[in-house]
Amino acid sequence: RATTQDASVAAGRRPRVLIVINDAAFLLSHFAALARGAVERGAEVEIAVPPSDAAERARACGFAVHPIS
């Protein structure tokens, strides 16, 4: 069964996901697998999070990180 995401990829558009979270460490411990799965399926995943060491670890994992306050 085709999904909206499959149709977007077939049309040459990558789905985009923006995760807004106030604690990058929480994201890495609870949602990193979900975010990586979205990347593996072709989505662009970006994270908006306050600056921290964990935010830099998220960047090192390959996610685009946008600092917020």
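Arg-59 has a relative accessibility of 37% and therefore counts as partly exposed; the class runs between buried, under 20% relative accessible area, and exposed, over 50%, with a 1.4 Å probe and protein chains only. The model is predicted, so local features need pLDDT of at least 70 and side-chain atom pairs count only at pLDDT 80 or more, while totals for chains, interfaces and linings use all residues. Residues are numbered from 1 along each chain as its sequence is written, and side-chain values use heavy atoms, with hydrogens and water left out.

Arg-59 forms a salt bridge with Glu-56, with 3.3 Å between the closest N and O atoms. The term salt bridge stands for a side-chain nitrogen of Lys or Arg within 4 Å of a carboxyl oxygen of Asp or Glu. Both residues belong to helix α4 (residues 53-60), and because they are 3 residues apart there, about one helical turn separates them. Helices (H or I, at least four residues) and strands (E, at least two) are DSSP runs, numbered from the N terminus. Glu-56, at 44% relative accessibility, is partly exposed.

By the salt-bridge rule, the count comes to 3. One of them joins the side chains of Arg-16 and Glu-44, at 3.9 Å from N to O. This pair links distant parts of the chain, since Arg-16 is in strand β1 (residues 16-20) and Glu-44 in strand β2 (residues 44-49), 28 residues apart. Arg-16 also meets Glu-46 in a salt bridge, here at 3.6 Å from N to O. Glu-46 lies in strand β2 and Arg-16 in strand β1, so this pair ties together parts that are 30 residues apart in sequence.

Arg-16 is exposed, because its relative accessibility is 63%. Glu-44 has 27% and is therefore partly exposed, whereas Glu-46, at 17%, counts as buried. Through shared partners, the salt bridges join Arg-16, Glu-44 and Glu-46 into one network.

The nonpolar side chains come next. In soluble globular proteins, such side chains tend to be buried together. The largest nonpolar core here has 14 residues, and Ile-47, Val-49, Ala-58 and Phe-63 are those with the most contacts inside it. Such a core is a set of buried Ala, Val, Leu, Ile, Met, Phe, Trp, Tyr and Cys residues joined through side-chain atoms within 4.5 Å. The elements α2 (24-30), β2 and α4 each give two or more residues to this core.

Leaving aside neighbours within four places in sequence, Phe-63 is in contact (heavy atoms within 4.5 Å) with Ala-32, Ala-35, Arg-36, Val-39, Val-45, Ile-47 and Ala-58.
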